[in-house]
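Thanks for coming, everyone. I'll keep this brisk. Please have a look at the sequence and the structure first.

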Amino acid sequence: MAPKLYMAEGSAVVRSVLLTEAAIGISLDYIHVDLEKGQHLTSEFLKLNPLHTIPTLVDDDKAIFESAAINIYLVEKYAKDKSFYPSDPYEKALVNEILFFCSNKFFPTAATIIRPIMLMGATTINPEDVDRLIEVYGLLETLLKGRVWAAGDKVTLADFALIPLVSGSEVVAEYDRKQFPNIIRYLGKAKSLPYYNRNQKGDEMFKTEVLRRLNRS
């Protein structure tokens, strides 16, 4: 039986799992969770994930949440190519650096803007929140300098975490592309991946919905 993925395709962190799924060549059983209807707050879901977040993976009746943890688990259990999460301590540390940057810095900063729009009915964006997101872009621009991919010369889980955040957050943060050539180069390269479509569909859905709620569509 395929592992079950509780998900909503518009979510950047869900799309990181979809990229991992495609890259390692497995199939997950999708269970769509409607956050606006509170399906993540049901007693049944809370038994799986007391943090009531998506994505949540259930494999062999065991639940795992947090996208980075899910992706590491999928690679270690199912991937034939383990280089997506390398065994070498230093190479693994480079991947972890980006994973932690995404979960501790990039995602929370973007969520400060996006969560009020998607879940609280906000129709405007605080310019100070955008400034903080642009600061994160500046950090990422430095991190990507001299790197082909997020953690070096090979595609890894670091990329699957980063790509959805970079592609999706631009809808709420207008910026001068000339200031961030490494990010623009990186995103262009990401779009050449054979499985980028696993990010693209949900990314487009997300952007369309954000613009609709901001009355900019």
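Let me start with one side chain. Trp149 is buried, because its relative accessibility is 7% and the cut-off for buried is under 20%. One caution before we go on: this is a predicted model.

Now the partner of that tryptophan. Tyr186 is buried too, at a relative accessible area of 1%. How far apart are the ring centres of Trp149 and Tyr186, and at what angle are the planes? The centres are 6.1 Å apart and the planes stand at 80°, so this pair is edge-to-face. The two residues come from distant parts of the chain. Trp149 sits in the loop between helix H5 (127-143) and helix H6 (157-169). Tyr186 belongs to helix H7, residues 181-190.

Tyr6 is in strand E1, residues 4-7, and Phe45 is in helix H2, residues 43-48, so the contact ties together parts that are 39 residues apart in sequence. Are these two buried or exposed? Tyr6 is buried, with a relative accessible area of 13%. Phe45 is buried as well, at 4% relative accessibility.

There is also a cluster to find on your screens. Phe101, Phe106, Tyr137 and Phe180 form one aromatic cluster.

Next, charges. The structure holds 10 salt bridges. I'll pick out some of them.

Take Lys77 and Asp59. Their closest N and O atoms are 3.0 Å apart. What about their surroundings? Lys77 is partly exposed, because its relative accessibility of 38% falls between the cut-offs of 20% and 50%. Asp59, in contrast, is buried, at 2%.

Now to helix H8, which spans residues 197-213. Asp203 and Lys207 form a salt bridge, with the closest N and O atoms 3.1 Å apart. What separates the two along the helix? They are 4 residues apart, which means about one helical turn. Asp203 and Lys207 are both buried.

This pair does not stand alone. Arg15, Glu170, Asp203 and Lys207 are linked in a network of salt bridges.

Arg212 pairs with Glu209, and here the closest N and O atoms are 2.6 Å apart. These residues are 3 apart in the helix, so again about one helical turn separates them. Arg212 is partly exposed, with a relative accessible area of 47%.

Last, the annotation. An unreviewed UniProt entry gives "domain: GST C-terminal" for residues 88-210. What does the chain look like over that stretch? Residues 88-210 are 69% helix and 0% strand. The end C-alpha atoms of the stretch are 40 Å apart.

To recap, look again at the Trp149 and Tyr186 pair, which is edge-to-face. Then find the network of Arg15, Glu170, Asp203 and Lys207. That's it from me.

Terms used
Residues are numbered from 1 along each chain as its sequence is written. This is a predicted model: local features need pLDDT of at least 70, side-chain atom pairs count only at pLDDT 80 or more; totals for chains, interfaces and linings use all residues. Side-chain values use heavy atoms; hydrogens and water are left out. A salt bridge is a side-chain nitrogen of Lys or Arg within 4 Å of a carboxyl oxygen of Asp or Glu. Buried means under 20% relative accessible area, exposed over 50%, partly exposed in between (1.4 Å probe, protein chains only). Rings of Phe, Tyr and Trp (its six-membered ring) pair if their centres lie within 6.5 Å; planes under 30 degrees apart count as stacked, over 60 as edge-to-face and the rest as tilted. UniProt positions are given in the numbering used here, feature names are shortened, and annotations may be inferred rather than shown by experiment.
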